[in-house]
Amino acid sequence: MKIEIRGLSKIYPNGKHALSDINLTIENGMFGLLGPNGAGKSSLIRILVTLLTPTTGQVSFNGFDLMKDRGEIRSILGYLPQDFRFFSKLKTWEFLDYAAGLAGIRSKSIRREKVDEWLEKVGLFDARDRLANNLSGGMKRRLGIAQALIGSPKIIIVDEPTTGLDPEERIRFRNILSELSQQDIIILLSTHIVGDISSMCRELALLNEGEIQFNGPPEVLVEKARGHVWQVQTAGVEYDILKEKYAVTSTIPSEDGWEIQLVGDRLDLPSAVEIEPNLEHAYVYFMETVIV
Ligand code: ADP
């Protein structure tokens, strides 16, 4: 599988440039689209799932053109939007059966098999006869996952993957995705939460104000922050001053005050110790220092 995005821009009717000249190649495995709110992630995703027309540019999925071959592209696409609305009168299993039909599974018996398989996989088998609308937030999210995956899509697009999931459900979801990522498919995770992608993504793109600021493996992004991440031990009083001057990534109470991690180019702090960067540090470093 391969998605190629070339010269993609989106200008909304009010003149807002949500995406400017995006160029990306996305191949098999898990790919993270990371950026703060307003970066343009949803605009890009809505274009990829054929719900929004770009202003300029081309997108191809394994050679299929996004504008010309919508039918083919929709048949290989599974989409899990952030807020998923169900049909109020459908039971959980009926909703999945409906989704399987939309995904092109015509045989009723195969649909039933798939429905049971996915109810089991996402832990909703016992809730199969409940109205989809009456499920809890976490259960709805799991049903959303099942509907996105039941048609065995080749490209799976997930918007804000961990929204509304408790820690246990988050792990279950990650396991489903990492199992899938072993196959010949693309999983695109769009998120503003670094933790959603750090452990799972082979590659990521950092989006800010409609532009790609970085594209590559997470380790390469992390390396860029080396030499710019510091730990400082302070008494409480200095905290506000530090916060004014530097990007603070974590604050941990310690015996005699606070252990604070900071990201920045230069530090006028004799007690600062350079530490090993992680993806969270690298993201903050990029957003606060490199881009501005
Ligand atoms: P993200 O998903 O990263 O939060 P969006 O793609 O939703 O970013 O938004 C990118 C920018 O485009 C934001 O400034 C947002 O306000 C603007 N925007 C999004 N949708 C519309 C729209 N329909 N009309 C005008 N501006 C929009």
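In H6, the buried residues are Glu-169, Phe-173, Ile-176, Leu-177 and Leu-180. This is a predicted model, where local features need pLDDT of at least 70, side-chain atom pairs count only at pLDDT 80 or more, and totals for chains, interfaces and linings use all residues. Residues are numbered from 1 along each chain as its sequence is written, and side-chain values use heavy atoms, with hydrogens and water left out.

Q: What makes Glu-169 buried in H6?
A: Buried means under 20% relative accessible area, exposed over 50%, partly exposed in between (1.4 Å probe, protein chains only). Glu-169 counts as buried, whereas Glu-168 is exposed, on the other side of H6.

Q: Why are the buried residues of H6 said to line one face?
A: Looking down the H6 axis, they fall within an arc of 95°, so they share one face of the helix. The arc is that of the directions from the helix axis to the C-beta atoms.

Q: What is the span of H6 set against?
A: The expected span is 1.5 Å times one less than the number of residues. H6 (residues 167-180) has 14 residues and reaches 20 Å from first C-alpha to last, close to the 20 Å expected.

Conventions. Helix = DSSP H or I, 4+ residues; strand = E, 2+ residues; numbered from the N terminus.
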